[in-house]
Amino acid sequence: MFARAHRGAGNEVEIATLDGANDGPEGDGFRGLVSCEVHPCGPGKTNYGYSRRLDEWLKVNYRRFDGVIVNGVWQYHGVAARRALAGRKPYVVFAHGMLDPYFKDRFPLKHVKKLVYWTLQEHRNLNAAQAVLFTSEEERRVAADGFPFCRFRRVVVPYGTMGPSGNPEALKQAFLKNWPQLWGKEYFLFLGRIHPKKGCDLLLEAFAQAANPEMQLVMAGPDETGWGAELKSRATQLGIAERITWTGMLRGDAKWGAFYGAEAFVLPSHQENFGIAVADALACGVVPLISDKVNIVPDVAADGAGLMETDTVEGTVRLLTAFGKLSLEQRSRMGTLALECYQRRYALKNAAQEVYKALGIE
């Protein structure tokens, strides 16, 4: 989406990735997802992603670009970028939530390993950058808490989404064609990874307690950790298994159709540096019901564009209950405010200019 936004602003964009040439959808890497040149420099070695090919590609090609965007931390590509670019070409680093103190508190042993790596390499990668980019004011404020040697410039660049394209009714049909059991039924939508961080278990418990008996629940997203089997077993125990549709990952028209058909989008996450699916929901005028651990909560609350509560079973019950008490007119009004919130704050067309400013190449 960022590549599309920058190309839409009139720039040439190329992507260097640590994926291999045949990684990604249908074995075709990113070529089916982006309309720009992609350079597969991987696969990198081990989870660290060491890649001599990336070093060589950067050394040969960095002069062709006005600026470079580095995505993510804690892996070798950050070291490769610093070695090739520092003092030669401006670069910025998107942290993508990886510096949030949630991980320090949730995984203390991993934090010790990260602290060692931070001291040896990562702080140098970030301090040498033109800026480190965060997707919300809250993420910027708390980032790298507990890590020393932080001398990097912090800039907020709202992440956002390109939003849907096409007729909403046609998009809904594209979704329902694959999941015909949902024809004519109201449903809440969860869309994201099936992962403990996302609070999926909280949603099942709250749905069993607070949702109208006729309401359905769509759980859309990849099960990367195998947690789905445990969640399905719990749904059976709660007596709601027949009211839940597990779709796996949704893309394209089916994804947007799932949003357009939903009564509300629910994300009781324990940590979100931004929450791209929240912006997707706003872009469709769908009311987000989210936890207070989603970092864009202050924006959504200020615009009256959604409801928020604590990331607990009790908080999620209150979310579903409060939404259920809204009149149709109140839901419609909140949906209008949701769309306005997206257009003002999270349309990706606005993000490209902010990145240029951070790079110092306006």
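# Notebook: sheets, a cavity and a pocket

**Entry 1. Strands S4 and S5.** I began with how S4 and S5 are joined: three bridges link them, and the two strands run parallel. The model I am reading is predicted. I then looked for the partner of Phe94. Its bridge partner in S5 is Leu133.

**Entry 2. Side chains of S5.** Strand S5 covers residues 131–134. Which way do its residues point? Ala131 and Leu133 point one way, and Val132 and Phe134 point the other way. I also checked burial. All four are buried, that is, under 20% relative accessible area.

**Entry 3. From S5 to S6.** Next I followed S5 to its other neighbour. S5 and strand S6 (residues 154–156) run parallel and are joined by three bridges. Leu133 turns up again here, standing opposite Val155 in S6. How does the chain get from S5 to S6? It passes through helix H6 (residues 137–142). This β-α-β crossover is right-handed.

**Entry 4. The sheet of four strands.** I put the pairs together. The order is S3-S4-S5-S6, in an open sheet with parallel pairing. Which strands are at the edges? They are strand S3 (68–71) and S6, and each pairs on one side only. I looked up the twist as well. From one strand to the next it averages 30 degrees. A reminder to myself: strands of a sheet pair through backbone hydrogen bonds, either parallel or antiparallel.

**Entry 5. The cavity.** How many cavities of 30 Å³ or more does the structure hold? It holds one. The largest cavity has a volume of about 40 Å³. I listed its lining residues: Val70, Gly72, Val73, Gly78, Tyr91, Val93, Glu122, Asn125 and Leu126. Strand S4 (91–94) and helix H5 (108–127) are the elements that give two or more residues to this lining. H5 supplies the largest share, three residues. I sorted the lining by class and got five nonpolar residues, three polar and one charged.

**Entry 6. The sheet of six strands.** I moved on to another open sheet. Its six strands have the order S9-S8-S7-S10-S11-S12, and the pairing is parallel.

Entry 7. Strand S8 (residues 216–220) runs parallel to S9, and four bridges join them. I looked up Met219 in particular. Its bridge partner in S9 is Trp246.

**Entry 8. The second largest pocket.** Last, I checked a pocket. How much space lies in the second largest pocket? I noted about 260 Å³. This pocket is lined by 13 residues. The closest to its centre are Ala262, Glu263, Gly285, Val286 and Arg331. Which element gives the largest share of the lining? Helix H14 (residues 328–346) does, with four residues. By class, I recorded seven nonpolar, three polar and three charged residues in the lining of this pocket.

Definitions and conventions. Residues are numbered from 1 along each chain as its sequence is written. This is a predicted model: local features need pLDDT of at least 70, side-chain atom pairs count only at pLDDT 80 or more; totals for chains, interfaces and linings use all residues. Side-chain values use heavy atoms; hydrogens and water are left out. On a 1 Å grid over the protein atoms alone, a cavity is a set of points where a 1.4 Å probe fits but cannot get out, and a pocket is an open set with protein on both sides within 12 Å along at least five of seven lines; lining residues have an atom within 4 Å of a point. Grid points are joined across faces, edges and corners, and a volume is the space filled by probe spheres set on the points. Ala, Val, Leu, Ile, Met, Phe, Trp, Tyr, Cys and Pro count as nonpolar, Asp, Glu, Lys and Arg as charged, and the others, Gly among them, as polar. Buried means under 20% relative accessible area, exposed over 50%, partly exposed in between (1.4 Å probe, protein chains only). Two strands pair if DSSP finds at least two bridges between them. A crossover is right-handed if, with the strands pointing away from the viewer, the path from the first strand over the helix to the second runs clockwise. Axes are lines fitted to C-alpha atoms, for helices over the stretch in contact, and angles run from 0 to 180 degrees between N-to-C directions.
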